[in-house]
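Biologist: Could we go through this model together? I would like to begin with the terms and then turn to individual parts.

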Amino acid sequence: MKNKWIKIKKVEFSNPILTASGTFGFGTEFKQFCNINILGGIFTKGLTLKERPGNSGKRLFETAGGLLNSIGLENPGLKRFKDEIIPSLNSIKTNIFVNISGETIDEFRVLVEELDSVSLIKGFEINVSCPNLKDKGRVFGRSTKTVSELCKKLRPITSKLLIFKLSPAAENIIDQAVILEKHRVDALTICNTYPGLALNKSYKPFFKKTFAGLSGPAIKPLTMRLVWLVTDAVKIPVIASGG
């Protein structure tokens, strides 16, 4: 019998262990290493409307207390995801959430609309740590106003779980959390990677994109602080993530 550890709307979780988006592929890649069905749920790697090859050059840099990554949202895009990935997900017997990213609000909307009818998908994790082309390339997650506008567009088009993954670089992550709760977001993921910089031996930026996302043991105390502040400010569930 399934242990109903927690329930968000109609979605039941057998336990609180979920995979962080980007660290577990689409789930099926890890079948040979562990029984993925014992997890409470799987958050897929980030999906965009069009296929993305990711950033060129070096993508990873180890630090003393973590890992900087500059992957560039490499993914197969919506069409290949529907044609190739979704059929393989039918064998997974735990909750599946699709992490989605876009460069415009309309791209987010199209992704949710196209995938909302897929029964095995229990909900969407909205990654607002991506560039907003209409806002001079600044990330969605920095602006509370933009995050609010995005939520207003997405909430009416899906009754599935809508989870916003907030950025530690937000103007005010508490304000964002409170506003998203008012707009009927079902849960929040706190938080994404922290912007960082690595230099090579010539004291030049290690990554072509200059900055990269830091995750790992070093950011745990920082993330725990944000989790503490957000859970004190809202009543909706908060999913703690190391980036």
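Modeller: Buried means under 20% relative accessible area, exposed means over 50%, and partly exposed lies in between, with a 1.4 Å probe and protein chains only. This is a predicted model, in which local features need pLDDT of at least 70 and side-chain atom pairs count only at pLDDT 80 or more, while totals for chains, interfaces and linings use all residues. Residues are numbered from 1 along each chain as its sequence is written, and side-chain values use heavy atoms, with hydrogens and water left out.

Biologist: Why does N55 count as buried?

Modeller: N55 counts as buried because its relative accessibility is 16%. N55 is found in the loop between strand 3 (41–43) and strand 4 (60–63); helices (H or I, at least four residues) and strands (E, at least two) are DSSP runs, numbered from the N terminus.

Biologist: Which residues is N55 in contact with, leaving aside its neighbours within four places in sequence?

Modeller: They are S70, I71, G72 and K209, where contact means heavy atoms within 4.5 Å. The C-alpha atoms of N55 and G72 are 4.8 Å apart in space, although the two residues are 17 apart in sequence.

Biologist: Moving to helix 5, which of its residues are buried?

Modeller: T223, L226, V227 and V230 are buried in helix 5. They cover an arc of only 105° around the axis, which puts them on the same side of helix 5; the arc is that of the directions from the helix axis to the C-beta atoms. An α-helix has 3.6 residues a turn, so residues three or four places apart point the same way.

Biologist: And what is on the other side of helix 5?

Modeller: P221, R225, W228 and D232 are there, and they are exposed. The buried residues of helix 5 pack against helix 4 (173–182), strand 9 (187–190), strand 10 (194–197) and strand 12 (238–240).

Biologist: Where does the kink in helix 1 lie?

Modeller: In helix 1 (residues 77–89) a kink of about 35° lies at D83, shortly before the proline P87. The bend at a residue is the angle between axes fitted to the seven residues ending there and the seven starting there. Among the buried residues of helix 1 are F81, I85 and L89, and their cover includes strand 6 (95–100), helix 2 (105–115) and strand 7 (121–127).

Biologist: Finally, how many helices and strands are in the chain?

Modeller: The secondary structure comes to 5 helices and 12 strands. Of the 243 residues in the chain, 46% are buried.
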